[in-house]
Amino acid sequence: MTQKIEQAYALAKEQYAAIGVDTEKAMKVLAGIPISLHCWQGDDVGGFENAGSLDGGIAATGNYPGKASTPAELRADLECALSFIPGTHRLNLHAFYAEMNGKKVDRNELGPEQFQNWFAWCKEQGLGFDFNPTYFSHPKASDGLTLSHQDEGIRKFWVEHGIACRKIGEAAGKFLGTTCMTNFWIPDGMKDTPVDRLAPRKRLEKSLDEIFSVKIDKNCDRDAVESKLFGIGCESYTVGSHEFYLGYATKNQIAFTLDTGHYHPTETITDKISSSLMFVPELMLHVSRGVRWDSDHVVTLTDDLKAISEEIVRNDLFDKVHIGLDYFDASINRIAAWAIGVRAMLKSLLIALLEPVTELKACETSGDYTSRLALLEEQKSMPFAAVWDYYCEQKGAPVGRAWLAAAKKYEADVLSERA
Ligand SMILES: [Mn+2]
């Protein structure tokens, strides 16, 4: 521990103690919050099926050299990113990152055997495992419809994929001893105004009912459903809209996923956290940063991000809110993209954990909105960075900008050697 970091922390600790905030406790809570690290930032949502280009209304822009193209490369890159991130976290994997070992296994036939290397790697790295069925970049999804498809054969195929994925999640949860969150997002929608908005939604409900009717161990795997506003090529209608899935999750008491990029450009998810949790048992967050649209920019320490963390911390929702990231920027070093996003997420949580919540709530309860506003404003210039640096140092993660030089070195030594 360098002396300067210790001295800065000691001063910050005193300053926070003076307003009734325990920095040691804040760091202890932070260390217990895992962030689910999305594998798909590492290869621009490519997957390992070599099925062709990315579709499903999502797009990664940029062509930065050195992206991972094998499971071994992706895991090595994740290990590099994780070395820049303090704490113990989770892997969020999509089904099309399966390892076939020379066999041809279609998505409806996937099983835990195609994910053994991922499971073992998570165990070795001390990571939890979250999972996602992949309802895009596949010939049977080429017309933009999957679980809501009018063709019974195609719909059934995707139902089978969903069931297979829940079993994979269950196997992962059992193997790793930590519950897997399996998140369902489908791209289904239409480019132009549909005549019948109802029938596809009825088919989607039927498909989900069929998928979730298969019994799995809830201690090992739990289901989450993710809504969306629109995608590229399906601007006019999305079958799995916000209202559809909030209703479905409420009716069936499963987790609801809030993706920060899946709402209107001026709409944030902050206020949806407490209101959804009135009626659904838990939430999965897909934290992203949309710029003008669902552009999936790297998460940074914005006011929006801080507001999300404040909601979680002020209401003590650590057991009910699962935090995952969901973005993909192909225009910069992909490992740096992970490090920047996860570090920003953790910083926002720490900032929230360093708030004098009891005092702020007392101001509000007593109607002293002057003090509420004044204290929130003063809070912004408290020395959270000294606590963050100390936390990183304690956890053996790089302090401040130090990680960037290590990322550049990995780029020069490893990424630049890739075809
Ligand atoms: Mn998402």
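This is a predicted model: local features need pLDDT of at least 70, side-chain atom pairs count only at pLDDT 80 or more; totals for chains, interfaces and linings use all residues.

Biologist: On to the metal. Which residues are the protein donors of the manganese ion?

Modeller: In sequence, the donor residues follow the spacing E-x32-D-x26-H-x39-D. The donor atoms lie 2.0 to 2.2 Å from the manganese ion, and they belong to E226 (OE), D259 (OD), H286 (ND1) and D326 (OD).

Biologist: How many residues apart in sequence are the parts that D259 and D326 tie together?

Modeller: D259 sits in strand 8 (residues 255-259). D326 is in the loop between strand 10 (321-325) and helix 10 (334-353). The pair therefore ties together parts whose separation in sequence is 67 residues.

Biologist: Is D259 buried or exposed?

Modeller: The cut-off for buried is a relative accessible area under 20%. D326 passes with 10%. D259 has a relative accessibility of 1%, so D259 counts as buried.

Biologist: Now the strands. How many residues of strand 2 are buried?

Modeller: A handy rule is that side chains in a regular strand alternate between the two faces of the sheet. In strand 2 (residues 90-94), one side has R90, N92 and H94, the other has L91 and L93, and all are buried. The count of buried residues is five of five.

Biologist: Which residue in strand 2 is the bridge partner of H38?

Modeller: Strand 1 (residues 35-38) pairs with strand 2 in the parallel sense, over three bridges. The bridge partner of H38 there is N92.

Biologist: And which residue in strand 3 does L93 stand opposite?

Modeller: Strand 2 also pairs with strand 3 (residues 128-132), in the parallel sense and over five bridges. Within strand 3, the residue opposite L93 is F131.

Biologist: Which hand does the crossover from strand 2 to strand 3 have?

Modeller: Leaving strand 2, the chain passes through helix 4 and goes on to strand 3. That makes a β-α-β crossover, and its hand is right-handed.

Biologist: One last thing: R292 and D296 each have a positive phi without being a glycine. Is R292 buried or exposed?

Modeller: R292 has a phi of about 70° and is found in the loop between strand 9 (283-287) and helix 9 (303-314). The cut-off for exposed is over 50% relative accessible area. With a relative accessibility of 77%, R292 therefore counts as exposed.

Biologist: And D296, buried or exposed?

Modeller: D296 has a phi of about 55°, and its place is in the loop between strand 9 and helix 9. Its relative accessibility is 5%, so D296 counts as buried.

Definitions and conventions
Residues are numbered from 1 along each chain as its sequence is written. Side-chain values use heavy atoms; hydrogens and water are left out. Donors are N, O and S atoms within 2.8 Å of the metal (3.2 Å for Na, K and Ca); water is not among the atoms, so sites may look incomplete. Helices (H or I, at least four residues) and strands (E, at least two) are DSSP runs, numbered from the N terminus. Buried means under 20% relative accessible area, exposed over 50%, partly exposed in between (1.4 Å probe, protein chains only). Two strands pair if DSSP finds at least two bridges between them. A crossover is right-handed if, with the strands pointing away from the viewer, the path from the first strand over the helix to the second runs clockwise.
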